[in-house]
Amino acid sequence: MLLTALGGLFGYGAEMPPETLVKLAQQGDEEAEEQLISSHIPFVKKTAAQVCKRFIDDNQDEFSIALLAFHEAIRQYRTGHDASFLTFAHMVIRRRVIDHIRKESKRLEFSHDFTASPNEDHHNHIGDRASTVFHTEQEQIAKRREEILQFEEMLSEFGLSFRMIAKVSPVHEDARRNAIQIAQLVAETDEYKQFLLDKKKLPVKDIEELVQVSRKTIERNRKYIIAMALLMTSELYYLKDYLKERLN
């Protein structure tokens, strides 16, 4: 009961930041982990519900998957990350629930496909699609140029431009990564993404609750975050690949 005693003595108890509880949990403090998990059950359910687009209760598989993902986030989070623990946990939960949904979808599809030939290659369509991809360097350059023009059009709907984004891009690498992580949060959360597309602005209030960044910093990097979120939600594969290379 060390955590409870300290909480009573110094008055932080339930107010202890998630990052502090994570650190204690990683050091083997089971009470800290229990407090962290129990106080964030609504957060876990809400994140799973956002993915599934329906209410999630304690008895559903998706909740179990989400809770396991929250445990995973506790184990994997490292202090010094640009993202807060809740931002990190939000992304881990989304990915695990999405993976679960995809696996279930494939399993159901397989179980109902009684007419398929045992030797039939169910991934032929992937090969057919791959055969249409541009392979020559000149074609790839042309495709990149085409995507830049498409991205320029997307940006113009938000009163932005390629040149403007280049000018307001965060100078420091850690600040740029931080902004990109916020953009990823927006792109991967349906309600935030829809808010951005409908209102042509960021849901700053909601974002501020999930990230360890001040409102002032979010506002300062607003244009860059919007641009990166739009790119992540697009089908501009060459530009997205370039972005991934920058992050790796």
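Visitor: What share of the contacts in the protein with a separation of 6 or more comes from residues 24 or more positions apart?
Guide: The model shown here is a predicted one. A contact means heavy atoms within 4.5 Å. Among the contacts with a separation of 6 or more, the share from residues 24 or more positions apart is 64%.

Visitor: How many helices and how many strands does the protein have?
Guide: The protein has 248 residues, of which 36% count as buried. As for secondary structure, the count is zero strands and 15 helices.

Visitor: What is the geometry of the ring pair of Phe 43 and Phe 70?
Guide: The whole structure holds five aromatic pairs. A pair of aromatic rings is described by the distance of the centres and the angle of the planes. For Phe 43 and Phe 70 the centres are 6.3 Å apart and the planes stand at 65°; since plane angles over 60 degrees count as edge-to-face, the pair is therefore edge-to-face.

Visitor: Which helices hold Phe 43 and Phe 70?
Guide: Both Phe 43 and Phe 70 are buried. The pair ties together parts that are 27 residues apart in sequence, because Phe 43 belongs to helix H4 (residues 41-52) and Phe 70 to helix H5 (residues 61-76). The helices asked for are H4 and H5.

Visitor: How much of the span of residues 61-74 is helix?
Guide: The UniProt record, an unreviewed entry, places the feature "short sequence motif: Polymerase core binding" at residues 61-74. The end C-alpha atoms of this span lie 20 Å apart.

Visitor: Where is Lys 53 placed, and is it buried or exposed?
Guide: Phi of Lys 53 is near 60°, a positive value in a residue other than glycine. Lys 53 sits in the loop between H4 and H5. Its relative accessible area is 62%, and over 50% counts as exposed, so Lys 53 is exposed.

Visitor: Over the face of which residue does Lys 200 lie?
Guide: Lys 200 is found in the loop between helix H11 (190-199) and helix H12 (204-210), and its phi is also near 60°. With 35% relative accessibility, Lys 200 counts as partly exposed. At 5.2 Å from the ring centre, Lys 200 lies over the face of Phe 158.

Visitor: How far apart are the end C-alpha atoms of residues 204-223?
Guide: UniProt, in an unreviewed entry, lists residues 204-223 as "DNA-binding region". The span is 75% helix and 0% strand. The distance between its end C-alpha atoms is 12 Å.

Notes
Residues are numbered from 1 along each chain as its sequence is written. This is a predicted model: local features need pLDDT of at least 70, side-chain atom pairs count only at pLDDT 80 or more; totals for chains, interfaces and linings use all residues. Side-chain values use heavy atoms; hydrogens and water are left out. UniProt positions are given in the numbering used here, feature names are shortened, and annotations may be inferred rather than shown by experiment. Helices (H or I, at least four residues) and strands (E, at least two) are DSSP runs, numbered from the N terminus. Buried means under 20% relative accessible area, exposed over 50%, partly exposed in between (1.4 Å probe, protein chains only). Rings of Phe, Tyr and Trp (its six-membered ring) pair if their centres lie within 6.5 Å; planes under 30 degrees apart count as stacked, over 60 as edge-to-face and the rest as tilted. A charge sits over a ring if NZ of Lys or CZ of Arg is within 6 Å of the ring centre and within 35 degrees of the ring normal.
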